[in-house]
Number of protein chains: 2
Amino acid sequence: MKKQILMLLIAAMMTGGNFTILAQTGVIEDFQPSSANQPGKEYPQVNSEGRVRVKISAPDAKYVQLDIGAVKYDLTKDAEGSWMGESAPQDEGFHYYQLNIDGASVPDPNSLYFYGAGRWGSGIEVPAGDQEFYALKNVPHGQVREQIYFSESNSTLRRCFVYTPPGYDQDPEKRYPVLYLQHGGGEDETGWSNQGKANLIMDNLIAEGRSVPFIIVMDNGTWRMPERDRQAPRETAQNEDRPRTWPPQGWADGFMKTLLEDIIPMIDNNYRTLADPQHRAMAGLSMG
Amino acid sequence: MKKQILMLLIAAMMTGGNFTILAQTGVIEDFQPSSANQPGKEYPQVNSEGRVRVKISAPDAKYVQLDIGAVKYDLTKDAEGSWMGESAPQDEGFHYYQLNIDGASVPDPNSLYFYGAGRWGSGIEVPAGDQEFYALKNVPHGQVREQIYFSESNSTLRRCFVYTPPGYDQDPEKRYPVLYLQHGGGEDETGWSNQGKANLIMDNLIAEGRSVPFIIVMDNGTWRMPERDRQAPRETAQNEDRPRTWPPQGWADGFMKTLLEDIIPMIDNNYRTLADPQHRAMAGLSMG
């Protein structure tokens with residue numbers, strides 16, 4: 001028994017005291033502000049285990065929870081009326097999250113906001129082993145352009161974001177391949193540059209000579225089903241008379257029509273593309 | 001008395017019942033969703049008086065308030081646990097606001113988010129008499145380009161947004177005047193396109209032949225004072241030994257240096273500007 005206590009003390013000294021804190025709470029106290037915080041905000045924070053810690057002042061609340069990864073974590077109130085607490089370790093990379101204050105699901109006032117899960121809300125970056133891949137570096141930077149255009153096939157104004165690589169404006173004769181890059185379900189045309197950092201990834205790859213420069217078009221592929229399908233009650237959808245496949249038949253037809261009739265011609269007319277199938281590609285995340 | 005009641009009934013019939021509601025609550029029931037709502041959200045809403053009505057589910061909250069225009073308005077809870085209520089009439093145009101849930105100041109989960117008052121938070125549009133001036137219309141649209149650049153004078157990476165007018169990419173010989181357009185205090189480089197709709201205003205003016213096309217550069221003019229001034233305690237600042245002027249002397253020098261040494265040369269190198277003082281202008285809002 002004495003030997004065990006001695007070993008614990010030695011371990012505590014070797015880790016600068018962190019061992020003691022870990023033994024008491026199970027949480028390593030090396031939290032740092034998230035890179036997706038609003039300017040100057042100390043919270044939310046992430047530790048080396050990938051735990052997310054939030055802090056918010058809510059002096060009159062009965063309870064406050066951190067809601068991340070489909071789990072709600074109870075926070076603890078301090079003497080000043082601030083609530084703090086942390087999640088279990090999260091996977092590397094970007095996560096959506098929200099706070100729950102006495103039953104209200106709200107964004108964290110300290111984080112930046114991103115479009116995912118069908119709404120603008122809080123996001124956090126758990127530092128990843130390959131974070132240099134998407135880091136903001138002092139290399140030549142391309143531009144991300146907000147492009148508003150009229151869709152003839154839908155009679156509506158739409159928006160996409162277009163990445164043009166470094167040097168695009170320098171040589172008015174040079175033409176580029178185009179990648180049509182789609183977001184995942186519940187996300188929109190902002191996702192690949194805001195949370196996906198597609199522009200920084202490309203800037204870094206081009207600077208390292210690991211990619212040829214090309215144009216990236218990021219549009220919104222979310223499409224509503226025709227009215228007859230959307231109005232079908234849940235009971236009908238669960239009825240075995242209809243095949244229950246995902247995605248339902250015809251779901252992507254609306255976006256495909258807009259892509260072929262509006263988006264690709266608009267891009268080929270307004271950007272210096274290599275406008276043939278050999279220099280046009282499509283990729284995406286989840287539903288993309 | 002009978003005559004008065006009769007006139008009230010006639011007035012109620014003439015206004016389709018709204019008169020009765022107004023007499024009871026003092027609020028005209030013609031609320032519509034704000035144009036600055038997240039996609040598909042019914043709330044927040046604005047009525048013809050310019051009142052802002054919010055609604056949020058918070059079943060376990062003791063109180064919820066709408067905080068707009070430096071006034072907090074108490075909301076009322078319904079049987080389902082949703083809180084609703086409205087502000088006094090607001091001025092036309094864009095307003096920042098937030099919700100207060102049991103003492104926690106948080107963004108409204110239903111609005112879009114804008115950078116103002118030193119943080120990203122909720123915003124709402126009270127329809128203005130001149131809203132056609134900044135409406136999204138089916139006219140030729142310019143682009144808003146996110147431009148990342150390295151500031152030699154600060155040894156840091158910075159970001160600005162650059163509006164290029166419709167047709168900018170069509171004629172590679174044409175050069176344009178440049179307007180350096182600054183945000184107000186507590187805002188940043190995103191403000192003039194997000195809440196200020198500078199790009200839509202220009203697209204509309206150019207389409208109507210009311211403006212020649214020009215480039216607009218929107219950078220971040222917020223600057224921290226040197227350490228010695230920021231660390232001075234409040235007592236010192238209130239001491240009459242020092243003149244109490246606003247802005248304090250030297251406050252804008254940091255941005256002026258960056259503008260002259262980094263931003264203007266970078267713009268003249270990367271965009272087809274008319275790079276002389278006769279074709280370079282500066283304007284701004286409040287601190288701009």
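Which residue of chain B comes closest to the rotation axis?

1. Symmetry of the two copies. Chain B is superposed on chain A by a rotation of 180°, with 0.0 Å of shift along the axis and an RMSD of 0.0 Å. The two copies are therefore related as by a two-fold rotation axis. The residue of chain B that comes closest to this axis is R145(B), whose C-alpha is at 2.1 Å. The same surface serves both copies, since 100% of the contact residues of chain B recur in chain A.

2. The salt bridge between chains. R145(B) also takes part in a salt bridge: its side chain meets that of D169(A) at 3.0 Å, N to O. R145(B) belongs to strand β12 (residues 143-151) of chain B, while D169(A) sits in the loop between β13 (156-164) and β14 (178-182) of chain A, so the pair joins two chains. With a relative accessible area of 0%, R145(B) is buried. D169(A), by contrast, is partly exposed, at 24%.

3. A buried arginine without a salt bridge. R272(A) is located in the loop between α7 (253-270) and β16 (280-284) of chain A. R272(A) is buried and has no salt bridge. Its nearest side chain of opposite charge is D169(A), 5.0 Å away; D169(A) is the residue that forms the salt bridge with R145(B).

4. Surroundings of R272(A). What lies 2.8 Å from a polar atom of the side chain of R272(A)? It is the backbone oxygen of K174(A). The backbone oxygen of P172(A) is found 3.4 Å from a polar atom of the R272(A) side chain. Leaving aside neighbours within four places in sequence, the contacts of R272(A) are with Y168(A), D171(A), P172(A), E173(A), K174(A), R175(A), Y176(A) and I215(A).

5. Salt bridges within a chain. Over all chains, the structure holds 26 salt bridges. One of them pairs the side chains of D268(A) and R280(A), at 3.0 Å from N to O. This pair links distant parts of the chain, with D268(A) in helix α7 and R280(A) in strand β16 of chain A, 12 residues apart. R280(A) counts as partly exposed, at 28% relative accessibility.

6. A strand-to-strand pair in chain B. E146(B) forms a salt bridge with R159(B), and their closest N and O atoms are 3.2 Å apart. Here too the pair links distant parts of the chain: E146(B) is in strand β12 and R159(B) in strand β13 (residues 156-164) of chain B, 13 residues apart. E146(B) is buried, with a relative accessible area of 18%, whereas R159(B) is partly exposed, at 28%. In chain A, salt bridges that share partners join E132(A), K137(A), E208(A) and R210(A) into one network.

7. Backbone geometry. The peptide bond joining Y43(A) and P44(A) is cis, with omega about 0°. P44(A) lies in the loop between β1 (32-33) and β2 (45-46) of chain A. In chain B, the bond from Y43(B) to P44(B) is likewise cis, with omega near 0°, and P44(B) is in the loop between β1 (32-33) and β2 (45-46) of that chain.

8. Is A117(A) buried or exposed? At 60% relative accessibility, A117(A) counts as exposed. Its phi is near 55°, a positive value in a residue other than glycine, and it lies in the loop between β10 (113-116) and β11 (119-126) of chain A. A70(B) has a positive phi near 65° and is also not a glycine. A70(B) is in the loop between β4 (64-68) and β5 (71-74) of chain B, and is exposed, with a relative accessible area of 81%.

9. Overall fold of chain A. The secondary structure of chain A comprises seven helices and 16 strands. Of its 288 residues, 45% count as buried. Among contacts in chain A with a separation of 6 or more, 64% come from residues 24 or more positions apart.

10. Confidence. Chain A has a mean pLDDT of 88, and 83% of its residues reach 70 or more. The pLDDT is below 50 over residues 8-20 of chain A, a stretch with five contacts in the model beyond near neighbours in sequence. It is also below 50 over residues 228-240 of chain A, where the stretch has seven such contacts. Where pLDDT is low, the predicted coordinates should not be read in detail.

Technical notes
Residues numbered from 1 in each chain as written. Chains lettered and ligands numbered in written order. Predicted model: local features only at pLDDT ≥ 70, side-chain atom pairs only at ≥ 80, totals over all residues. Heavy atoms only, no water. Helix = DSSP H or I, 4+ residues; strand = E, 2+ residues; numbered from the N terminus. Buried < 20%, exposed > 50% of the residue type's maximum accessible area, 1.4 Å probe, protein only. Lys, Arg positive; Asp, Glu negative; His and termini not counted. Salt bridge = Lys/Arg side-chain N within 4 Å of Asp/Glu carboxyl O. Polar contact = N/O pair within 3.5 Å; in protein donor to acceptor, adjacent residues only side chain to side chain. Contact = heavy atoms within 4.5 Å. Least-squares fit on C-alpha atoms with pLDDT ≥ 70 in both. pLDDT = per-residue confidence, 0-100.
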